Amino acid sequence: YFCMQLILWAAGTNGEGSSKVALKLIKALIKNSKNYDFKIFISSQSTLDEEIRASNIKNNSAIYKLPKIYRIYPIQLLIKFFLPLDFFCKALITLDDFPFRNSGNQILYFHQPNILYSDKFIWKLKRIIFTILLTKKIKIFVQTQHIKRALLKKFDIIKTINLITALHFDQ
């Protein structure tokens with residue numbers, strides 16, 4: 001089988017803030033990866049897709065646009081639960097709300113505090129999905145100590161060693 005070094009998965013990224021962060025990561029990956037085999041997955045007609053088109057990224061042949069149906073949460077759940085991405089890559093960076101259950105070498109950029117705090121039905125449902133998809137192997141990147149503490153309190157499976165904390169990238 002063909003196994004690339006890295007997949008950056010942002011097919012569910014559609015918010016303005018998360019798209020700006022994803023765009024910075026994509027630009028850095030493309031700029032600094034001369035001999036690095038990677039693929040970037042986004043969904044078409046998303047805010048991230050618009051940001052990428054507006055930024056005129058050179059050498060965007062590594063970017064694959066999936067149909068916008070990939071942003072629908074039940075579709076994401078099926079993909080994130082069943083797709084064995086380790087078969088296709090050695091490392092995975094996930095910029096969506098949910099991790100891939102079957103990935104052993106994954107960093108999830110956690111940027112959705114509503115999963116932690118909201119009492120609305122939709123967010124309770126998303127919290128359940130997030131819990132189902134969590135594994136002990138996942139590494140989670142968070143922007144603040146506050147979010148780090150909330151994740152540790154809300155999800156027993158997450159341990160301090162699995163959390164990467166840093167301030168936002170906007171410096």
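Student: How many aromatic pairs does the structure hold?
Tutor: The structure holds nine aromatic pairs, where rings of Phe, Tyr and Trp (its six-membered ring) pair if their centres lie within 6.5 Å, and planes under 30 degrees apart count as stacked, over 60 as edge-to-face and the rest as tilted. The model is predicted, with local features needing pLDDT of at least 70 and side-chain atom pairs counting only at pLDDT 80 or more, while totals for chains, interfaces and linings use all residues. Residues are numbered from 1 along each chain as its sequence is written, and side-chain values use heavy atoms, leaving out hydrogens and water.

Student: Why is the pair of Trp 9 and Phe 41 called tilted?
Tutor: The ring planes of Trp 9 and Phe 41 stand at 35°, with the centres 5.5 Å apart, so this pair is tilted.

Student: And are those two buried or exposed?
Tutor: Trp 9 is buried, at a relative accessible area of 6%, and Phe 41 is buried too, at 18%; buried means under 20% relative accessible area, exposed over 50% and partly exposed in between (1.4 Å probe, protein chains only).

Student: What about Tyr 73 and Phe 98?
Tutor: Their ring centres are 5.5 Å apart and their planes at 80°, so that pair is edge-to-face. Tyr 73 is partly exposed, at 26%, whereas Phe 98 is buried, at 0%.

Student: Switching topic, which residue has its charged end over the ring of Phe 100?
Tutor: That is Lys 80, whose charged end sits 4.9 Å from the ring centre, the rule being NZ of Lys or CZ of Arg within 6 Å of the ring centre and within 35 degrees of the ring normal.
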